[in-house]
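Thanks for coming. I have one structure to go through today, and I will take it a piece at a time.

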Amino acid sequence: MHSNQSSFFHSSSLRYYLLTKQHFSHSSLSKPNSLEINPKPYVLKKCIALLLSCASSKPKLKQIHAFSIRNGVPLTNPDMGKHLIFILVSLSAPMSYSRRIFSQIQNPNIFTWNSMIRGYAESDNPNPAIDLYRRMHMLSVEPDTHTYPFLLKAIAKLMYAKEGEKIHSITVKNGFDSLVFVQNTLVHVYAACGHAESAHKLFELMLEKNLVTWNSVIHGFSLNGRPNEALTLFKEMGCEGVKPDGFTMVSLLSACAELGALALGRRVHVYMVKIGLNENLHSGNALVDLYAKCGSIKEAYKFFEEMGERSVVTWTSLIVGLAVNGCAEEALELFKELESEGLKPSEITFVGVLYACSHCGMVDEGFIYFRRMKEEFGIEPKIEHYGCIVDLLGRAGLVEKAHEFIQSMPFEPNAVIWRTLLGACTIHGHLDLGEYARAKLLELEPKHCGDYVLLSNLYANERRWTDVQKVRGMMFKQGVRKTPGYSLVELKNCVHEFVMGDRSHPQTKEIYGMLEEITKLLRLQGYVPQTANVLADIEAEEKETALCYHSEKIAIAFMLINTAPMAPITIVKNLRVCTDCHSAIKLIAKIFHRTIVVRDRSRFHHFKDGSCSCGDYW
């Protein structure tokens with residue numbers, strides 16, 4: 001503890017002792033009348049002074065509260081109650097105590113209502129904040145400028161978009177919508193509720209913007225899968241002369257991680273070191289996450305080792321990072337280190353551990369960790385953990401066991417669970433069970449494009465082309481469109497996007513020339529296109545042509561043209577990499593002496609010298 005902190009606590013304790021002693025020794029207060037409605041002014045004043053100067057913890061506050069009651073301050077006194085609630089909320093104490101005090105206050109003022117709303121907004125259960133606001137309205141208590149930011153914070157936490165829109169309308173009606181701190185929380189609400197466009201529209205209309213405003217909208221885009229917009233806004237922020245803080249950097253790093261923009265992320269890291277933000281724990285966690293999500297797991301591990309302070313979030317970020325990068329054994333070893341440090345793993349930590357087991361075929365180990373969650377750590381498995389076990393069994397080809405496990409779940413399986421089973425049925429050819437899983441998905445999410453694609457692929461694998469056409473006809477009828485596959489690569493701080501058969505790039509001629517060269521060299525290595533991956537009733541030659549122009553192959557050709565020999569290549573793909581591309585990229589890495597990292601929708605593939613880190617298990 002620093003000397004100034006030590007002296008502060010010492011002086012606070014001394015003041016507390018002297019004031020308490022003074023009150024207890026006062027003859028007029030030796031036998032207070034507990035029924036007294038209005039306490040003597042100086043008694044109330046001294047009790048409030050005690051609260052403001054000495055209530056540095058909940059136990060101390062309780063002592064002062066008890067002292068005030070013994071000396072004639074009634075439980076219904078609004079001034080004492082106001083200060084008690086405000087300090088309890090500032091101490092982040094459980095709201096049950098504040099609620100009991102609040103329920104006894106006669107005619108609480110707006111400051112007290114706001115303190116209660118703030119307390120619930122900052123708690124694990126923000127719902128009562130909305131209930132309190134409704135009670136205020138019923139009792140004709142007029143809100144003030146501080147009411148709405150606290151209320152909107154609760155709404156953002158709950159992600160109640162409709163409620164947020166309603167409060168937005170009320171602020172406009174009441175004339176509070178022009179206040180910057182109300183506008184900032186409205187931007188935050190829309191961003192947190194997934195309405196990034198609405199957040200940005202409100203941001204554009206704001207006449208006055210501060211750092212919080214910029215952070216809210218940048219975080220909103222980053223949070224909602226719009227990293228390009230987040231990066232663009234950051235550039236605008238710099239042009240406006242607004243200096244970023246740690247929160248800005250975390251949002252920016254999240255955007256870089258989403259895009260797989262490693263070079264840009266490194267530049268952000270250097271900038272953070274320059275302005276002294278790299279020592280911040282949240283920023284450090286974001287950097288570990290960045291390097292892991294960009295496939296640079298060695299850098300993630302190195303930075304983790306250098307961190308002076310680590311939380312469970314830090315350990316979890318690296319465990320998950322190792323898992324998705326195919327380093328299952330290292331992930332499980334790190335989990336053991338976390339235990340040896342005396343830290344308690346979180347629910348998300350176990351998601352990473354189970355993910356590691358799933359993607360490396362460690363079925364028995366997965367079930368051991370699943371049981372340990374509850375038995376050793378008292379963590380009740382959630383739907384995500386059950387989903388990991390379904391995935392674990394499905395990837396291992398134990399599709400029937402996966403179905404049995406779903407049936408034994410203590411709650412109703414959601415769409416993700418059935419989709420995981422359908423995906424496993426498609427890979428391992430379980431038609432009947434796949435159709436059953438699809439029927440369940442039609443009940444839960446009838447318009448999810450991925451489910452139609454999985455079922456179509458399942459029929460195509462069985463060469464049931466009539467059924468394939470029926471599924472596609474159903475998609476058209478329902479207005480469901482397949483998500484197009486794309487691949488992203490970063491070059492000179494710009495992110496380039498390619499889709500299958502893409503000819504929109506200025507270097508199209510050179511790219512397709514390189515694709516022809518790649519195809520020739522692959523054939524010399526004995527490569528035979530796996531046309532079974534083209535799930536359409538067309539001729540073999542057409543299938544081979546289709547395979548050549550998959551987005552990841554176009555992206556690789558582009559990078560081979562534009563980067564130095566032997567330079568690593570990193571690709572971010574939004575869909576699962578197909579078997580043919582997987583086989584081809586292994587050979588491309590060998591032929592061109594490159595390390596090629598592909599991040600698909602579920603994991604990383606590190607290709608080098610003709611092999612992949614996944615061991616062909618994905």
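What you see is a predicted model. I will begin with R372, which sits in helix 21, the helix covering residues 363-377. Is R372 buried or exposed? Its relative accessibility is 16%, and the cut-off for buried is under 20%, so R372 counts as buried. Which residues does R372 contact once its neighbours within four places in sequence are left aside? Those are F335, E339 and F377.

Next, a serine. S115 is part of helix 6, residues 110-121. With a relative accessibility of 5%, S115 counts as buried because that value falls under the 20% limit. Not counting residues up to four places away in sequence, S115 touches I85, F86 and V89.

Now helix 31, residues 579-591. From first C-alpha to last, its 13 residues reach 19 Å, which is close to the 18 Å expected at 1.5 Å a residue. How many of the 13 residues are buried? The count is 10, so helix 31 is mostly covered. The buried set begins with D580, C581 and H582, continues with A584, I585, K586, L587, I588 and A589, and ends with I591. As a reminder on helices in general, an α-helix has 3.6 residues a turn, so residues three or four places apart point the same way. Just after helix 31 comes H593, and its phi is positive, at about 55 degrees.

The last item is the second largest pocket. Its space comes to about 680 Å³. The lining has 29 residues, and the closest to the pocket centre are L262, G295, P568, T570 and V597. Which elements supply at least two lining residues each? Among the helices they are helix 15 (262-275) and helix 17 (297-306). Among the strands they are strand 1 (486-491), strand 3 (569-573), strand 5 (604-608) and strand 6 (611-612). Helix 17 gives the most to this lining, with 4 residues. By residue type, the lining of the second largest pocket divides into 13 nonpolar, 10 polar and 6 charged.

R372 has F335 and E339 among its contacts, and S115 has I85 and V89 among its own. That is the end of my part.

Methods. Residues numbered from 1 in each chain as written. Predicted model: local features only at pLDDT ≥ 70, side-chain atom pairs only at ≥ 80, totals over all residues. Heavy atoms only, no water. Buried < 20%, exposed > 50% of the residue type's maximum accessible area, 1.4 Å probe, protein only. Contact = heavy atoms within 4.5 Å. Expected span 1.5 Å × (residues − 1). 1 Å grid on protein atoms, 1.4 Å probe; cavity = no way out; pocket = protein on both sides within 12 Å on 5 of 7 lines; lining within 4 Å. Points joined across faces, edges and corners; volume = space filled by probe spheres on them. Nonpolar A, V, L, I, M, F, W, Y, C, P; charged D, E, K, R; others polar.
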